[in-house]
Structures are given as structure tokens and as C-alpha cells.
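Thank you all for coming.

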Amino acid sequence: VGRAREVGVRKASGARRGALIGQFLGESMLLSFVALALALALVSLLLPAFNALTGKALSMNVLSDGSFALDLLGITVFVGITAGSYPAFVLSSFRPADVLKGQLQGAGGVRFRKALVVFQFVVSAFFIVAVGAVESQVRYIQSKNLGYNHEHLVIVPIREEAMRQQAETFKQELLKDPGVVRVAASANLPGGGDFGIPLQPEGFLPEEAPSARILAVDPDFLETYEMDVVAGRSFSGEHLTDAGTAFILNESAAKAFGWEQPLGKRIAMEGVDVPPSPVIGVVKDFHFRSMREEIGPLVFFVPPPNWFVVFSVRLRPEAMEQTLAFMERTWARFEPHHPFTYSFLDQQLAALHQSEVRVGRLLGYATALAVLIACLGLFGLAAFTAEQRTKEIGVRKVLGASVSGLVLLLSKDFVRLVVVALLLAVPLAYVAMDRWLDGFAYRVALSWRLFLLAGLLALLVALLTVSYQAVRAALADPVAALRYE
């Protein structure tokens with residue numbers, strides 16, 4: 001709009017409107033292509049970090065991928081034309097006589113400009129709420145009691161049949177070190193390692209039996225994982241019949257089978273050489289899968305040693321390095337053909353919700369970008385408004401208006417825009433994030449504090465953005481603003 005006089009002079013000199021439109025669109029297109037070049041350079045620099053963040057292996061081959069290059073070209077042209085069409089058509093429509101006489105009343109489109117700023121802050125506020133909701137859910141998942149102690153548990157895979165047959169001897173050797181608290185062998189683990197075997201609980205026909213998941217463990221497993229037995233007893237090496245002829249249920253399995261008194265009830269396991277055997281205990285429900293799934297029926301039983309594929313070793317937190325070194329030496333005596341490898345159960349459980357953590361990080365970067373773009377839009381609108389009201393500000397200062405009063409005068413309109421944006425963004429964000437959280441069987445509730453914090457943050461960002469232009473305009477010399485009158 002500051003080039004209105006240029007347009008007036010050129011039109012008075014015979015320039016056609018089409019030529020002016022072409023000039024402004026050409027300038028906008030040039031800016032768009034410069035932006036494309038900078039964007040390609042930034043993507044080349046940031047793509048490795050993005051791949052590391054998302055766990056992907058994306059690559060950018062603009063020259064070798066013709067369709068991708070055409071897409072980029074089309075988007076760039078579209079942005080250039082769309083962004084440049086409004087000022088091109090508005091500026092070229094000015095009557096040169098009005099412009100040169102100083103009778104220009106503004107470029108119009110005030111509502112359009114304000115609507116763009118509102119839209120930008122709707123997007124920003126939406127992302128701020130989304131980041132808060134995802135972070136709250138991730139913290140909830142990471143801090144929730146899983147129903148067993150998953151800390152300081154080392155998982156050691158078993159690779160050879162000989163080690164399976166010597167599992168009990170290996171366990172006793174490990175327990176000689178004071179840093180080892182307990183050791184258990186199993187065919188699978190909590191965290192998605194459970195498997196399914198058809199069960200026929202007492203009182204059910206085979207086709208009517210509720211489905212249940214299986215954890216095949218040795219007698220020391222429940223104590224190693226520090227699970228709570230709420231009825232009956234745990235497996236015990238002192239009871240020889242526990243191996244292959246006894247079951248332990250979780251609470252959800254007892255409910256699914258409709259057993260108020262499950263102890264002594266019998267279960268048959270199809271496809272496995274396990275006769276109908278009694279239930280000897282019930283453990284408190286624990287999370288054996290992702291938080292996206294409700295705790296379902298689960299059955300423990302003690303299989304033959306050749307089923308075992310992993311050891312779970314609970315260590316004391318003190319001197320863990322020395323204990324791991326002892327475990328490695330002991331392993332070498334029993335299994336010289338394979339190196340000693342291990343992982344912590346915490347790491348495996350964290351991988352269950354790695355996608356949520358990545359979503360949170362990506363949303364954080366997207367939010368920063370959205371807020372930055374919104375600030376640029378608001379900054380531009382504030383600069384435009386301050387320029388349009390230069391004479392008004394000069395008159396007010398001459399008449400005694402204070403700097404703080406002028407800053408408040410210039411800022412309040414923009415605060416209204418941000419408030420309108422928040423009123424639009426809050427219900428949209430609530431619906432979207434509530435649906436996302438519905439994907440979790442165990443989730444946080446969306447708190448009003450989250451929306452209040454998002455609103456205050458958006459207002460603070462807006463005020464900081466506008467305040468620069470407002471203070472600058474309020475501090476300007478009124479003589480300079482009124483001199484040409």
C-alpha cells in the first residue's frame with residue numbers, strides 16, 4: 001500500500017492495469033521461488049535430524065523424481081499467485097487522481113486481513129493445546145503403576161537348547177552374586193510378548209470359552225516381577241505338580257470366566273499336553289500390553305524348560321556394572337558359543353509408546369512454527385495499522401495522550417482478534433484431542449487448565465508481537481507525523 005503513489009504516477013503516465021497486475025504478480029512469484037530455493041536448502045540440512053526424530057529413512061530427490069518436482073513447482077506457482085493476487089488487483093484498481101490528491105482511504109480488505117490473523121492464531125492455539133494434551137498423556141503413561149515392578153530388570157535372551165535345559169542351574173549360579181535379587185525364566189514377557197493358546201475353562205464348551213492370553217513362566221516369575229497375589233498362592237518349586245498342571249489367573253480372567261471363587265476350578269489347554277488342571281492363585285490385574293488396550297484375561301502356567309526363551313534378572317541398583325560383568329562371566333561358562341547380550345525391560349516398555357513420544361516432539365516443532373507464522377502475520381498487521389494511524393497518533397500525543405495509553409489503544413484491537421481465535425480454537429482442539437485420547441483405554445482427562453494455559457500463552461505471544469510496533473508508534477515524534485499537513 002505504500003506504493004500507491006507509484007501506481008498513481010504510472011497510471012497517469014499511461015501504464016495499463018494489466019501491466020501493473022503482471023508486475024505485482026511477478027514480484028510475488030519471484031519471492032515464492034526464492035522461498036522454494038531456501039526451503040530446499042533447509043530440508044537438505046534438516047532431513048537427517050528429522051529422520052532421527054521420526055525413525056524414518058526419508059530422502060529428497062527433486063531432480064530424479066519428476067512428479068515430486070512438478071508438485072513443488074505447482075505449489076510454488078499457486079502460492080505466488082494466491083499471495084500476490086490480492087495486492088495486485090487492489091493496488092492496480094486505485095484511481096490515479098485520488099492517489100495523487102492524497103484522498104486514498106486505505107486499501108480495503110480490513111476484514112480479510114483480520115480474518116487471516118484470526119485463522120493463524122486458531123492454528124497456533126490448536127497446536128498449543130495438542131502439544132499439552134499429548135505431553136500429559138505421555139507423562140501419564142510413563143508414571144502409571146503397571147501392576148508390577150519393571151525397574152532394574154535385565155532381560156537376557158536364550159539361544160541354545162542346552163541353556164534351556166540348564167536354566168535352573170544357571171539361575172542358581174547368578175544368585176550367588178549379592179547384586180542379583182531374583183532370576184526367572186519364561187517363554188514370553190509383559191509388554192506384548194504374550195501369546196494365545198485355546199483354553200477350555202470348567203463349565204464352558206470349547207466354542208463358548210472366552211479368549212485369554214498366556215504367559216508361560218517358571219515358578220520364580222511372579223516373585224521376580226513383584227506381582228501381587230490376591231488369592232491362593234504363587235507357583236512354587238516345592239509343589240512338583242505346579243509344573244504343567246496348575247494355572248494362575250489375573251483378576252480379569254476370573255471375571256471373564258464368571259468365577260467368584262476361581263481357586264480349584266479347572267482349565268484344559270488345547271493343543272498342548274496339559275490335562276485339565278486347577279487354578280491355584282489369582283494375581284492383581286497388571287498392564288501386560290500397551291495403554292491403548294484394556295487389561296484382558298491372562299493365564300500363567302509353568303511349561304517344560306524347552307519353552308523358555310528369556311531370563312529376567314532383577315538387580316540391586318547399587319553396583320549394577322559389576323553385577324552385569326559377573327553375569328557375563330557366568331554366561332560364558334554356560335554358553336560359550338554366543339555372546340552375552342541383554343536389555344532392560346524399561347527400554348522395551350518405553351518402545352510400546354515410542355510413537356506417542358514422537359508425536360509429541362513433532363507437534364512441539366509444528367507448534368513453534370505455527371506460532372512463528374502467526375506472529376509474523378500479526379506483526380505485519382500491527383505495522384500496517386500503526387502506519388495507517390500515524391496522523392491520529394500524532395494528534396493524540398499533541399493533545400496529551402500518554403505512551404501507555406497509546407500502546408493500549410493500538411493493542412486492544414489485536415487482543416480482541418486473539419480472543420476470537422481462542423474461542424474458535426478451544427472447541428476444535430477439545431474435540432480433536434478427545435478423539436485422539438479415545439484411542440487409549442487408559443487416558444488423562446482434558447483439563448480446563450490446559451486450555452487456560454494455551455490461551456494465556458497465545459495472548460502473551462500476541463502482546464509481545466504487537467507491543468514492539470505499538471511502542472514504536474507511541475514514541476514517534478508527533479511533529480514528524482504532522483509536519484506535511
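**Cavities, cores and salt bridges**

The second largest cavity has a volume of about 30 Å³, where a volume is the space filled by probe spheres set on grid points that are joined across faces, edges and corners. By a cavity I mean a set of points, on a 1 Å grid over the protein atoms alone, where a 1.4 Å probe fits but cannot get out, and its lining residues have an atom within 4 Å of a point. Before going on, please keep in mind that this is a predicted model, in which local features need pLDDT of at least 70 and side-chain atom pairs count only at pLDDT 80 or more, while totals for chains, interfaces and linings use all residues. Residues are numbered from 1 along each chain as its sequence is written, and side-chain values use heavy atoms, with hydrogens and water left out.

Which residues line the second largest cavity? They are F121, S124, I128, V371, A374, A458 and V461, and helix 5 (110-143), helix 13 and helix 16 each give two or more of them, with helix 5 supplying the largest share, three residues. Helices here are DSSP runs of H or I of at least four residues, strands are runs of E of at least two, and both are numbered from the N terminus. By class, this lining has six nonpolar residues, one polar and no charged, counting Ala, Val, Leu, Ile, Met, Phe, Trp, Tyr, Cys and Pro as nonpolar, Asp, Glu, Lys and Arg as charged, and the others, Gly among them, as polar.

The largest cavity has a volume of about 40 Å³, and its lining consists of A382, T385, A386, L410, F414, V466, Q469 and A470. Helix 13 (354-388), helix 15 (403-437) and helix 16 (448-475) each supply at least two residues of that lining, which is made up of six nonpolar, two polar and no charged residues.

Turning to the cores, a nonpolar core is a set of buried Ala, Val, Leu, Ile, Met, Phe, Trp, Tyr and Cys residues joined through side-chain atoms within 4.5 Å, and buried means under 20% relative accessible area, exposed over 50%, and partly exposed in between, with a 1.4 Å probe and protein chains only. The largest such core has 29 residues, and Y148, F221, Y225, M227, F235, F286 and F300 are those with the most contacts inside it. Among the elements that each supply at least two residues of this core are strand 9 (274-283) and helix 12 (345-352). Apart from it lies another core, of 21 residues, including M163 and F334.

Finally, a search of the whole structure finds 15 salt bridges, each a side-chain nitrogen of Lys or Arg within 4 Å of a carboxyl oxygen of Asp or Glu. E173 and R333 form one of them, with their closest N and O atoms 3.2 Å apart; E173 lies in helix 7 (residues 167-174) and R333 in helix 11 (residues 320-334), so this pair ties together parts that are 160 residues apart in sequence. E173 counts as buried at 16% relative accessibility, whereas R333 counts as exposed at 56%. E161 and R164 also meet in a salt bridge, at 3.6 Å from N to O, and, being three residues apart in helix 6 (residues 161-165), they are separated by about one helical turn.

Technical notes. On a 1 Å grid over the protein atoms alone, a cavity is a set of points where a 1.4 Å probe fits but cannot get out, and a pocket is an open set with protein on both sides within 12 Å along at least five of seven lines; lining residues have an atom within 4 Å of a point.
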